[in-house]
Amino acid sequence: MLNIAFDPEALRSIIREEVRAAVSEAVKTKELPILITRKELMELFHISQTKVTELLGRSDFPVMREAGILIPTHLLFKWIERNTNWVEDNTSYFSSVG
């Protein structure tokens, strides 16, 4: 039987580095303004109107409604980091098997 050693922390580290590099590259290749609109958010994330409405309805999503719907980009990237749980959600099985 094939036995593969799995290090969840190493995987987390690799994914963090790749996400940071991808976000950094995205910011470099597309100069983002301080505030983006609903339409710009759709284009940036490649998501539909329905998904944008869902995100904007979240109480923890960074949105300013005082002058229309505007999303502060620096808070958006912080929100992404806080809410990216894929590694933890998908590797908990492997860390408990160990």
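1. Helices here are DSSP runs of H or I with at least four residues, strands are runs of E with at least two, and both are numbered from the N terminus. On that basis the protein chain reads α-β-α-α-β-α-α from the N terminus on, giving five helices and two strands.

2. A word on provenance: this is a predicted model, where local features need pLDDT of at least 70, side-chain atom pairs count only at pLDDT 80 or more, and totals for chains, interfaces and linings use all residues. Residues are numbered from 1 along each chain as its sequence is written, and side-chain values use heavy atoms, with hydrogens and water left out.

3. Of the 98 residues in the protein chain, 19% are buried (under 20% relative accessible area, with exposed over 50% and partly exposed in between; 1.4 Å probe, protein chains only).

4. Eleven residues make it up: I36, L41, V52, L55, L56, F61, I71, L76, F77, W79 and I80. Both α3 (49–56) and α4 (73–83) supply at least two residues of this core, and α4 has the largest share, with four.

5. Leaving aside neighbours within four places in sequence, I71 is in contact (heavy atoms within 4.5 Å) with residues including I34, L35, I36, L41, L56, F61 and L76.

6. Finally, M64 sits in the loop between α3 and β2 (70–72). M64 counts as partly exposed because its relative accessibility is 33%.

Notes
Core = buried A, V, L, I, M, F, W, Y, C linked by side-chain atoms within 4.5 Å.
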